[in-house]
Amino acid sequence: MATAHNPTNPALYPQTADEAEEQGIQQLAWMAKHYPERFTSLNNPRGVFKGTREEWLEAAAIIMGGWIDFALNQRSRISLHKGRLTTKLEEITFVKWLVNTYGGKPSDYRYNPKTTRFACSLMGGGMTKSGELAHIHFMHATGNKYDEIRMSVELGGRGKKDESCRVADVLLHEMIHSCARFHGHKGAFKQLATTMGLKGKMTATIATDDLRLRIWDDVVSVLGRYPHKEVKLTPRGQRGKGSRLIKCSCVECGFNMRTTRKWLLEAYTIQGHISCPIGHGTPMIHPEWDAPAEVLEEA
């Protein structure tokens with residue numbers, strides 16, 4: 001039995017051979033029920049994933065969903081109190097303990113692959129660099145009866161298996177959110193996350209060594225690397241000016257207008273300057289732009 005100083009997650013590493021056999025049987029039953037046949041060909045040969053990044057996320061979530069289901073059926077859980085992990089043994093299963101403690105139904109705390117969708121996209125609307133690695137939109141907000149889990153494009157997994165392991169433990173964090181709705185990062189979420197082997201600050205968890213090893217063996221080594229290369233976003237203030245319109249002012253009447261570099265270059269090529277369009281014909285100045293030397297020479 002795990003001690004208070006060295007707790008072992010019962011969902012990841014059973015203590016006895018009988019528990020390990022029970023876990024294996026339940027995982028096989030879970031996979032037979034939820035794992036689509038099309039995924040079998042996508043990771044054949046073993047460890048080489050041929051599908052999309054969204055399909056990889058879905059397949060990984062189904063595998064880890066079996067771990068959550070097994071943990072909820074056990075009479076043990078891991079509790080974190082004042083920074084100390086302890087293994088708690090109850091007379092009832094973990095899922096019934098959650099119901100008695102936080103209310104609801106047992107199905108409220110189970111992961112459902114049939115009502116979850118996945119995407120890989122920019123976080124924060126793409127306008128600024130976001131600190132989020134993933135996000136979940138619950139079905140009551142999406143209105144389509146699906147929980148939508150979005151992974152940040154800044155998380156990549158093509159380089160090393162360690163990177164794909166990180167993607168999987170971030171994904172597990174979001175899956176647990178779908179099992180503990182309206183709890184934020186406290187209550188049932190904290191109980192489930194701790195029991196499943198996530199540690200650290202609950203808003204930014206990382207995998208314990210045990211969880212990382214299980215992900216390495218049963219997710220990344222089976223499916224292969226997460227098929228997405230990290231996207232490095234350029235922070236605002238370091239981006240180029242692009243096609244920003246340039247302000248031009250008439251020296252005679254003060255008329256202002258904005259135009260693109262294309263038309264400024266065209267005007268310089270034809271007549272050496274751009275003229276005021278309201279009839280004065282006088283040159284307009286544009287202090288924010290300088291014509292290339294070769295254009296000025298031709299003019």
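**Close-up views of a predicted model**

**View A. Arg77 and the ring of Trp97.** The charged end of Arg77 is placed over the Trp97 ring, 3.7 Å from its centre. A charge counts as sitting over a ring if NZ of Lys or CZ of Arg is within 6 Å of the ring centre and within 35 degrees of the ring normal. Residues are numbered from 1 along each chain as its sequence is written, and side-chain values use heavy atoms, with hydrogens and water left out.

**View B. Phe94 and Trp97, an aromatic pair in helix H4.** In the pair shown here, the ring centres of Phe94 and Trp97 are 6.3 Å apart and the planes stand at 35 degrees, so the pair is tilted. Both residues belong to helix H4 (residues 94-102), three residues apart, about one turn of the helix. Helices (H or I, at least four residues) and strands (E, at least two) are DSSP runs, numbered from the N terminus. Phe94 and Trp97 are both buried; buried means under 20% relative accessible area, exposed over 50% and partly exposed in between, with a 1.4 Å probe and protein chains only. Together with Tyr102, Phe94 and Trp97 form one aromatic cluster.

**View C. Arg117 over Tyr146.** Look here for Arg117 over the face of Tyr146, at 3.8 Å from the ring centre.

**View D. An open sheet of three strands.** The strands follow the order E9-E8-E10, with antiparallel pairing. Strands E9 (256-259) and E10 (284-285) stand at the edges with a single partner strand each, so one side of each is left without a neighbour in the sheet. Two strands pair if DSSP finds at least two bridges between them. Strand E8 (residues 246-250) is joined to E10 by two bridges, and Ser249 has Ile285 in E10 as its bridge partner.

**View E. A cis peptide bond at Pro45.** From Asn44 to Pro45 the peptide bond is cis, with omega near 5 degrees. Pro45 lies in the loop between helix H2 (38-42) and helix H3 (53-72).

**View F. Lys145, with a positive phi.** Although Lys145 is not a glycine, its phi is positive, at about 65 degrees. Lys145 lies in the loop between helix H5 (139-142) and strand E5 (147-152), and is exposed, with a relative accessible area of 67%.

Technical notes: Predicted model: local features only at pLDDT ≥ 70, side-chain atom pairs only at ≥ 80, totals over all residues. Phe/Tyr/Trp six-rings, centres within 6.5 Å; stacked < 30°, edge-to-face > 60°.
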